[in-house]
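Dear colleague,

I am passing on the structure we spoke about, and I would be glad if you could look through it with the notes below beside you.

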Amino acid sequence: MPEKVLIYSRFPKAQMERFGERFELLNAAGKAPNEVFSAEQLADIRALITAGGTPLRGDAMDMMPKLGAIVCYGTGYDGVDLAAAAKRKIAVGHSPGANAASVADIAVTLMLAATRRLLVADDYVRGGSWAAAKPSPMMRPQAGMLGRKIGVYGMGEIGRKIAVRVAAFETEVGYFSRRQHDVPYRYFPSLDALAEWCSVLMIAVRAGADTHHVVDANILRKLGKDGYVVNISRGSVIDQPALIAALTDQTIAGAGLDVYAKEPHAPDALTALPNVVLSPHIGGHTLESHVAMQNCVLANLDAFFAGKPLAHPVTSSSA
């Protein structure tokens with residue numbers, strides 16, 4: 001008999017197919033497990049798969065008295081109450097670095113699209129303004145990448161790959177993280193200092209209590225009127241109302257966002273702004289990334305059901 005695994009978050013069916021070949025899946029599809037399954041069905045669940053950003057608290061864990069492993073599909077795990085899991089002796093695993101290259105790619109894409117005003121240029125062609133030689137202040141020459149100062153906030157797997165990519169554009173690269181790393185980039189002692197120095201701030205830090213709204217009105221002012229912010233981490237890292245205000249009053253020049261305070265993000269003041277480029281949290285959404293993340297999930301589940309430590313555990317160093 002295959003082991004039973006609960007699917008806690010809502011996932012596309014295609015992303016769960018490989019797991020269904022190995023385990024008996026009980027799919028809660030984002031609903032509270034006890035709303036979908038009986039207490040008897042949940043009593044045998046020893047492991048679950050969740051999206052890292054989905055809130056998963058102690059009361060949900062208690063619905064499955066035998067639960068021993070929470071496995072996050074992806075690198076993030078900010079939705080999981082780690083203290084509650086530790087109290088219940090539940091191991092937590094994730095997929096570290098599995099989607100780093102793809103997320104770094106979208107970060108650079110957003111940076112280029114925002115700084116070169118690609119969406120405005122696309123509309124200028126599609127709307128006939130170019131053919132009509134219609135003047136537009138949004139089509140004035142913009143600063144390119146050569147010599148531009150790029151600040152990377154967070155020097156984990158994703159931050160490092162972003163730094164390598166932007167350095168190839170002949171930029172200057174600096175960074176701030178919780179500790180200094182052995183990398184060929186200038187280290188800044190604080191986020192404030194990094195924002196003062198750079199003209200593009202790339203946010204690649206983990207979400208958590210210590211990073212909640214850390215990019216606030218003060219940091220955006222330090223970035224300045226020629227500055228851009230790109231966020232591919234979690235929406236919680238930026239004070240979104242402060243960002244909207246900064247974009248509206250041109251405290252900063254623009255932004256590129258793949259993540260938001262609330263997802264999915266409905267049209268609002270942010271989406272109406274011409275100086276922001278938006279994507280629907282697709283940073284890690286490539287074929288290669290999904291295969292790599294699924295491999296990590298399977299490795300974690302196989303280890304757990306074999307009575308071994310998780311292959312890719314969330315540890316104090318990763319947290």
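What follows is a short account of what was found, taken region by region.

Please keep in mind throughout that this is a predicted model.

I begin with strand 4, which covers residues 69-73 and is largely enclosed by the rest of the structure, because five of its five residues are buried. The burial concerns both faces of the strand, with Ala 69, Val 71 and Tyr 73 covered on one side, and Ile 70 and Cys 72 covered on the other. Strand 4 also has pairing partners: strand 3 (residues 47-51) runs parallel to it and is joined to it over five bridges, and within this pairing Ala 47 is the residue that stands opposite Ala 69. Strand 5 (residues 91-93) is likewise parallel to strand 4, to which three bridges join it, and here Ile 70 has Val 92 as its bridge partner.

If its neighbours within four places in sequence are set aside, Cys 198 is in contact with Lys 149, Ile 150, Gly 151 and Leu 223. By way of a distance across the model, the C-alpha atoms of Cys 198 and Phe 37 are 52 Å apart in space, while 161 residues separate the two in sequence.

Most residues other than glycine have a negative phi, and most peptide bonds are trans. Ala 133, however, has a positive phi of about 55°; this residue belongs to the loop between helix 7 (118-126) and strand 6 (149-153), and it is exposed, at 61% relative accessibility. Glu 170 also has a positive phi, near 60°, and is found in the loop that lies between helix 8 (157-167) and strand 7 (172-176), where its relative accessible area of 57% makes it exposed. As for the peptide bonds, the one from Glu 263 to Pro 264 is cis, with omega near -5°, and Pro 264 itself lies in the loop between strand 11 (254-257) and strand 12 (276-278).

With best regards

Definitions and conventions. Residues are numbered from 1 along each chain as its sequence is written. This is a predicted model: local features need pLDDT of at least 70, side-chain atom pairs count only at pLDDT 80 or more; totals for chains, interfaces and linings use all residues. Side-chain values use heavy atoms; hydrogens and water are left out. Buried means under 20% relative accessible area, exposed over 50%, partly exposed in between (1.4 Å probe, protein chains only). Helices (H or I, at least four residues) and strands (E, at least two) are DSSP runs, numbered from the N terminus. Two strands pair if DSSP finds at least two bridges between them. Contact means heavy atoms within 4.5 Å.
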